[in-house]
Amino acid sequence: MKFPAFLFSLFLSRLADQILLFLVPLVVFQVTQDVAWSGYAFAAETLPRFLSFPVCGALCDRVSPLKLLRASQVFRALACVLGVLANEAMGGIGWLVGLSAVCGVLTTQGVMAREVMLPQIAGNTGFDKVLAYAQTAEQTGMVLGPLIAAALFALWPWQAVVGAAAALFLLADVATTYWRRGNPVQLHQPQGEPGHLLKPIATALGHVLRLPGLLRLTMLTSGVNLMLGTTLASSAAMVTGLHQRSATYYAGLQTLGAVATIVILLAIIRGSIALKRMGATAYLLILAGGLLTAASTSHWGYAAGFLLVIGFDKMFGIYIRIHRQRIIPAKDYGKTTGVIVLLNNLTQPLAGLIVGAFADATQTRGVIFAVCLMVAGIGVAAAVASRKAAATSP
């Protein structure tokens, strides 16, 4: 069924997306020489991605996800070209930030379209295997994106690097077309409810509150994202400050985290792990990793904890996505998943605010430990709720 072409499309799309994510703050800083403006550019680039999940999810229940996926790839390429042309005609760094913000929303649409399509594509292959393959392709693109962007930026002006990203988006669409022509799977036609977009979002929120187990899964994922966000927000200060390692060491640790993620995903592909065991194992190891980063007095212990948090985050993501797919009705899958992803990701910026507001060089370990206690409490509450639900179900 030419599934590798689908994975190649996902890889190319994520690769181009990561090139833009890497490029924008760097170019803005080089032009302005101001860290604050670089941070504002990053926020302007990423916030639309974050806020558009519910709307993009609702669209997937109204329009063919395949059409939305292809449109997201083609229009991202078009936005890159138009942004570069506008910059050449009128100047100003705002065109780079603007095209990246537009591409961010279109990326969210592509992510949601693939999320809706993957359960239908899986067929008899096994949803866990398909998810692991997809996340491996995505993670590989995320690892290579900044490396390729840095290499290209050393040789070319940023306008040419954006042009290369546009070419990658178009190649991703070519791979999607090739996959679809050789794919016998009949994709479901959307049967979305009529009316404005707030109605399906209200329906999705109702599902989160009423469908058995869905609120518990959302709580657990929020806990994992809180731990992940705290680790990422504090890692630079912990590695280069408290443990007095170099920036090169820090970059190497981040690369090792990405490699560990890919190894764990490949282990899921080759092995057969029971779903319940997968979720509990990943959650406990992420919590253990957080405790290690807080308690360790050596950089080796911190590195081990960091790798546990980063590496097992994707395993937990597979557990959550499989469970979610079993609970949510197919006709409401897009809108409900979009709302859940938004709710789940609220804790990552919250983690950044917690680290920024309550931690200095001497308090960071205490803040991480407090977050670990919160994550442990969420896990215990979810386990108790699960046992009560099992006891009362017929």
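## Helix packing and a pocket: exercises

In this predicted model, α9 passes α12 in a left-handed crossing. The exercises start from that pair.

**Exercise 1.** Classify the packing of α9 and α12 by angle, then describe the contact by residue class.

*Solution.* 
- Step 1. Take the geometry: the two axes come within 10 Å and cross at roughly 155 degrees.
- Step 2. Apply the cut-off: angles over 145 degrees count as roughly antiparallel.
- Step 3. Conclude: α9 and α12 are therefore roughly antiparallel to each other.
- Step 4. Sort the contact of α9 with α12 by class: 17 nonpolar, five polar and three charged residues.

**Exercise 2.** Work out how α9 is oriented to α13, and list the residues that make the contact.

*Solution.* 
- Step 1. Locate the helices: α9 spans residues 214–242 and α13 spans residues 333–345.
- Step 2. Read the geometry: their axes come within 8 Å and cross at roughly 40 degrees.
- Step 3. Classify: that crossing makes α9 oblique to α13.
- Step 4. List the residues. α9 brings L214, T218, T221, S222 and N225 to the contact. α13 brings T336, I340, L343, N344 and N345.
- Step 5. Sort by class: the contact of α9 with α13 has three nonpolar and seven polar residues, with no charged ones.

**Exercise 3.** Do the corresponding analysis for α6 and α12: orientation, hand and contact residues.

*Solution.* 
- Step 1. Locate the helices: α6 covers residues 127–155, and α12 covers residues 299–327.
- Step 2. Read the geometry: the angle is about 135 degrees, with the axes 10 Å apart.
- Step 3. Classify: α6 and α12 are therefore oblique to each other.
- Step 4. List the residues. From α6 come F127, D128, L131, A132, Q135 and Q139. They meet K314, I318, R321, I322 and Q325 in α12.
- Step 5. Sort by class: the contact of α6 with α12 has five nonpolar, three polar and three charged residues.

**Exercise 4.** Characterise the second largest pocket: its volume, the residues closest to its centre, and the elements in its lining.

*Solution.* 
- Step 1. State the volume: the second largest pocket has about 500 Å³.
- Step 2. Find the centre: 16 residues line this pocket, and R216, K276, A280, Y319 and A383 are the closest to its centre.
- Step 3. Name the elements: α9, α11 (275–295), α12 and α15 (364–392) each give two or more residues to the lining.
- Step 4. Pick out the largest share: α15 supplies it, with six residues.
- Step 5. Sort the lining of the second largest pocket by class: nine nonpolar, four polar and three charged residues.

Definitions and conventions: Residues numbered from 1 in each chain as written. Predicted model: local features only at pLDDT ≥ 70, side-chain atom pairs only at ≥ 80, totals over all residues. Heavy atoms only, no water. Axes fitted to C-alpha atoms, helices over the stretch in contact; angles between N-to-C directions. Helix = DSSP H or I, 4+ residues; strand = E, 2+ residues; numbered from the N terminus. Parallel < 35°, antiparallel > 145°, perpendicular 65-115°, else oblique. Contact = heavy atoms within 4.5 Å. Nonpolar A, V, L, I, M, F, W, Y, C, P; charged D, E, K, R; others polar. Left-handed = near helix turned anticlockwise from the far one by under 90°. 1 Å grid on protein atoms, 1.4 Å probe; cavity = no way out; pocket = protein on both sides within 12 Å on 5 of 7 lines; lining within 4 Å. Points joined across faces, edges and corners; volume = space filled by probe spheres on them.
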